[in-house]
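Good morning, and thank you for coming. Please look first at the sequence and the structure, and then I shall describe one chain.

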Amino acid sequence: MYRENNKIKFTLKDGVLYTECFPKTIMTLEDGKESTRISAEMVNYKPLPLLCDLTNVISMSQECRKHFSGPEHASTFSKAALIVTGDISRLIGNFFLGFNKPLKPTKLFSNKEEALKWLKE
Amino acid sequence: MRLNSSTNKSVETKETPSEYPNLIFDPETDKRLNDILDMIGNVAALDFSKTLIPSKKNDMIDAVSLGLNMLSEELSSSVVEKSKLDSVNKKLEKFACTTAHDLKSPLASIIGFVSLLEATLKPEQGSEIEEYLNYLKKTTEQMRSLIQGILEYSKTDTELIKKEIIDLNEIFEDVINSDQISEHATLKISNKLPIVFFNKPTLIQVIRNLLTNAIKHSDKETCEIVVESKTDDSHFQIRISDNGPGLALEDQKRIFEWLNKNDDYSKKDSHGIGLATVKNILDTFGEHIWVESVLGKGSTFCFTIKK
């Protein structure tokens, strides 16, 4: 199953939800809420492992980070692997884990295979 | 001649000598770095109004700018939250103190009437009336002690100005005698305690609270207290150890909070004020207090006094 909006591509495959932003994406609170809505619809309101590639994100607002760490978004995933391959995405990922403290198990990875392995543990 | 940081080649320049003679950047990079320095200065001054505008280059400087923006936002939220919390705490403390003050006089009347009732009824020993009267007396005494504790806590900010030279050995001796500590515990002072410069009434309050705390929470047939002092270049450290039940790590973190009550505390008729008052006094003087404890193996309350 595949969907996309103007900022994010969503793919549901083998029981894992993959999300990936288009290049140079700036994420706002509205984008975060839209992402949660689409994710919830795709997983049919039952939380699944999430592999979220932050590589193309160049900025994420504080409200958006807060939203992604809150209960509404947590209802869409069971655990989340964040792919961070550049300085900016790694920074966003570290802020997200450090300051926003997501409610479900969340880890940063630079490698998709390792991330998938952890998600399926 | 200076070294270009990006190429490591020496270049000729006619610019005014900069603060960092070994680093030369193009004017745009120079401006971006200066903006970052300004931003760091603003954040250090707790001014979170500035935001860095990243260039479209998506380079390391943009990453640093983005990081600073996010750090500034998060710090700003934390500072606002802390300030709200401080304000709520102050209001709560003020409310508790006002209430305690207002309750003092009606409680004195109740205590008086209970005594009058006892004198009038002259209950037989072991009778139900005696049992009820004893329960009333015990409850009113607990309430009096709670009110006294709240009022003492509120006094600590305003009455600490006068300091004097105090022999800690004498202070301990005074508290041990006046509070009849030896009736409830064996107390050993293991080395000669120092002479300190502090506010005497509040230091007595600190020592009295710590000794009473050890006795109140003792779970042994004999409560054993050991007092010792240590010293470093700048501070004396006073350590009061007991053979009580000890504290779990989580309780060690909360033990000095105002109105803190863990299970053990509520069992022991404690109000969660004594240790908060001690911490409040020591904080006001810029001193520190902490507890070292292993569950089941007793606790050591340590506090500092500047030399």
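The accessible surface of chain B comes to about 19,000 Å², and 56% of that surface belongs to carbon and sulfur atoms; areas come from the Shrake-Rupley method with a 1.4 Å probe, and for residues only the protein chains shown count as cover. This is a predicted model, in which local features need pLDDT of at least 70 and side-chain atom pairs count only at pLDDT 80 or more, while totals for chains, interfaces and linings use all residues. Residues are numbered from 1 along each chain as written, chains are lettered from A and ligands numbered from 1 in the order written, and side-chain values use heavy atoms, without hydrogens and water.

Of the 307 residues in chain B, 36% are buried, meaning under 20% relative accessible area (1.4 Å probe, protein chains only). Chain B contains eight helices and nine strands, which are DSSP runs numbered from the N terminus (helices H or I, at least four residues; strands E, at least two).

Let us turn to the sheet. Five strands of chain B form an open sheet with mixed pairing, in the order S4-S6-S7-S9-S8; two strands pair if DSSP finds at least two bridges between them. Its edge strands are S4 (185-189) and S8 (289-293) of chain B, each pairing on one side only.

Which sense of pairing, parallel or antiparallel, joins S4(B) and S6(B)? S4(B) pairs with S6(B), residues 223-231, in the parallel sense over five bridges. In S6(B), B:Ile225 is the bridge partner of B:Leu187.

How values were computed. Buried means under 20% relative accessible area, exposed over 50%, partly exposed in between (1.4 Å probe, protein chains only).
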